[in-house]
Amino acid sequence: MMKQKTIIIGAGMSGILAGYCLYKSGYRDYTIYEKGDSVGGTWRENSYPGLHCDVPAHHYSYSFALNPDWSKVFAPGPEIWAYFDRQARQLGVFDHIRFNSEIADARWDGAKWNITLKDGSTDSSDILISATGFLHQIVMPDIPGLDTFAGHKFHTARWDHSVALDDARIGIIGTGSTAVQIVSALAGRVRNLELFQRTPQWVLNVPQTEFSAEQRADFANRPELMQALYDEAAHFTRETTRAVMGLDEEGRAAMVRNCEENLARVKDPELRAHLTPDYAVGCKRLIMSPDFYEAIQRPRTELITAGIERIVPEGVLTSDGVLHELDVLVLASGFDPTAYVRPVAMTGEDGRTLADIWAEQPVAYQCVTVPHMPNFFMIGGPYSPVGNISLVLMAEWQVDYIMKCIAYIAENDAAMSPDPTATGGYIAEIRAAARKTIWATGGCRSWYLDAEGVPAIYPYPSEIFREETLGGPDFSKFTIRKLRQPEPV
Ligand code: NAP
């Protein structure tokens with residue numbers, strides 16, 4: 001057993017994974033601090049109607065813990081939450097988690113990380129891993145009068161299940177992946193639904209399929225069948241990303257055709273015109289849905305494209321002077337993609353704070369380590385791959401990289417952080433490549449873009465990320481200091 005102690009921030013998909021990998025490698029002394037009262041991160045926070053993952057479930061699973069019981073190709077959110085809860089228990093991670101424990105502050109004292117929780121309690125560790133996910137801070141839309149609405153109003157990640165929907169007039173602001181899933185679930189099933197669209201989206205038609213009881217029994221008895229589905233979905237997401245990025249012309253043409261043919265299912269030409277984006281397919285994160293266009297054409301469902309002037313107590317007033325009276329206002333306005341480990345206040349070596357290091361923009365060397373923050377690692381840090389891919393696989397690759405760093409730290413009794421110059425060079429290279437991607441050149445605005453309009457996400461295909469992470473760190477790019485000098489003889 002290794003003597004290093006680790007603290008992990010967050011018991012979502014990546015925190016559970018990190019805990020398991022630490023234990024497996026002999027680092028048995030670790031604690032996961034979780035602000036919520038259960039595991040699952042985004043799958044706990046989000047519980048909106050229609051919630052599912054638009055990455056095939058057999059691939060949105062740990063590669064070492066495939067699940068025969070997925071009910072559908074694109075699994076419903078509660079099933080995914082239950083999967084991670086079960087994994088946390090089966091992999092022996094659960095007992096290491098402290099729930100309802102939010103870390104407020106983390107300070108490096110030259111040898112250890114000292115953390116303080118919101119309740120004032122403290123702990124310390126040799127290694128600190130952020131597994132917070134990155135879309136965890138909600139963004140409320142900047143619309144005048146939002147607070148004046150007299151009905152029920154909530155962000156999609158704070159769904160109020162006490163509100164009855166069937167007889168309600170519901171307004172949804174936003175047309176991202178979240179809103180599309182909600183519209184598909186609610187349209188035609190409530191008294192009235194209005195979708196307030198600022199920007200139309202391209203929607204890829206991906207069929208949703210249920211697995212029969214026989215198929216699920218087959219998966220349990222013959223794991224190679226599940227593995228085949230895992231591999232197939234991995235191929236699908238890899239190829240989709242390549243097509244989005246324009247690295248596979250034929251694939252891209254097929255993807256564009258799919259989106260256009262899907263849109264053509266909208267019968268009313270005026271509605272179809274309103275739903276037609278004026279930017280390239282894949283510029284925003286591609287929406288995957290088998291039934292959004294069908295849903296938006298259902299009875300008592302309306303697409304509102306006039307701009308929102310302001311919110312009033314009765315509902316939404318649009319720029320054409322129409323008052324849309326509502327009982328429920330759903331804010332599908334997304335998340336702050338720049339939060340990462342924040343709001344934890346971090347102070348590294350020589351009193352350098354994360355706020356100071358990230359003053360211009362969040363940076364990380366190879367998406368995982370931050371200058372002046374010794375023995376600190378991030379899963380899903382700045383410039384990590386996101387989009388239409390499995391973040392579970394990305395996390396597995398990053399944890400592999402982190403485990404190699406931790407092995408080095410343990411062997412050498414070292415404190416390591418990336419060299420600031422190497423990090424600057426890495427970020428400059430990534431940003432130069434990112435400026436050339438469809439996410440920057442495709443003629444849209446999205447949460448991928450930073451304040452300068454540069455996509456703050458990994459600009460290369462996933463096979464490059466695989467090489468970069470599984471290849472392990474180049475220790476010459478790190479500032480490494482020995483922690484304990486050998487005793488004089
Ligand atoms: P989002 O993609 O950021 O979409 C936010 C929406 O709100 C956009 O349509 C935006 O319009 C609109 N909006 C924001 N402020 C507004 C304002 N003041 N007035 C009018 N409209 C406003 O958020 P999201 O749908 O929650 O998705 C975020 C990410 O979560 C996704 O991209 C994805 O990575 C992840 N996600 C994944 C899944 C999955 O199945 N894997 C499901 C849901 C979410 P504009 O487009 O005009 O800016």
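In this predicted model, Cys405 counts as buried, since its relative accessibility is 0%. The closest cysteine sulfur to that of Cys405 belongs to Cys367 and is 13 Å away, which is too far for a bond. Cys21 is likewise in no disulfide, and its nearest cysteine sulfur, that of Cys405, is 14 Å away. Cys21 has a relative accessibility of 12% and therefore counts as buried, because the limit for that class is under 20%.

**The disulfide**

A disulfide is a covalent bond between the sulfur atoms of two cysteines. How many disulfides does a search of the whole structure find? The search finds one. This bond joins Cys283 to Cys444, with an S to S distance of 2.1 Å. The torsion about the S-S bond of Cys283 and Cys444 is about -90°, so the disulfide is left-handed. Cys283 lies in the loop between helix 8 (269-274) and strand 12 (287-288), while Cys444 lies in the loop between helix 13 (438-441) and helix 14 (462-470); the pair therefore ties together parts that are 161 residues apart in sequence. Both Cys283 and Cys444 are buried.

**Aromatic rings**

The structure holds 26 aromatic pairs. Tyr62 is buried, with a relative accessible area of 0%, and Phe84 is buried with a relative accessible area of 0%. Ring pairs also connect Tyr62 and Phe84 with Tyr20, Trp43, Tyr60, Phe64, Trp70 and Tyr83 in a cluster.

| Charged residue | Ring | Distance from ring centre |
|---|---|---|
| Arg28 | Tyr23 | 4.4 Å |
| Arg89 | Phe94 | 3.9 Å |

**A pocket**

Rolling a probe the size of a water molecule over the atoms shows where empty space is left. The second largest pocket contains about 350 Å³ of space. Its lining is made up of 23 residues, and Thr338, Tyr340, Pro362, Asp450 and Ala456 lie nearest the centre of the pocket. By class, the lining of the second largest pocket comprises 15 nonpolar, five polar and three charged residues.

Notes. Residues are numbered from 1 along each chain as its sequence is written. This is a predicted model: local features need pLDDT of at least 70, side-chain atom pairs count only at pLDDT 80 or more; totals for chains, interfaces and linings use all residues. Side-chain values use heavy atoms; hydrogens and water are left out. Rings of Phe, Tyr and Trp (its six-membered ring) pair if their centres lie within 6.5 Å; planes under 30 degrees apart count as stacked, over 60 as edge-to-face and the rest as tilted. Buried means under 20% relative accessible area, exposed over 50%, partly exposed in between (1.4 Å probe, protein chains only). A charge sits over a ring if NZ of Lys or CZ of Arg is within 6 Å of the ring centre and within 35 degrees of the ring normal. On a 1 Å grid over the protein atoms alone, a cavity is a set of points where a 1.4 Å probe fits but cannot get out, and a pocket is an open set with protein on both sides within 12 Å along at least five of seven lines; lining residues have an atom within 4 Å of a point. Grid points are joined across faces, edges and corners, and a volume is the space filled by probe spheres set on the points. Ala, Val, Leu, Ile, Met, Phe, Trp, Tyr, Cys and Pro count as nonpolar, Asp, Glu, Lys and Arg as charged, and the others, Gly among them, as polar. A disulfide is a pair of cysteine sulfur atoms within 2.5 Å. Helices (H or I, at least four residues) and strands (E, at least two) are DSSP runs, numbered from the N terminus.
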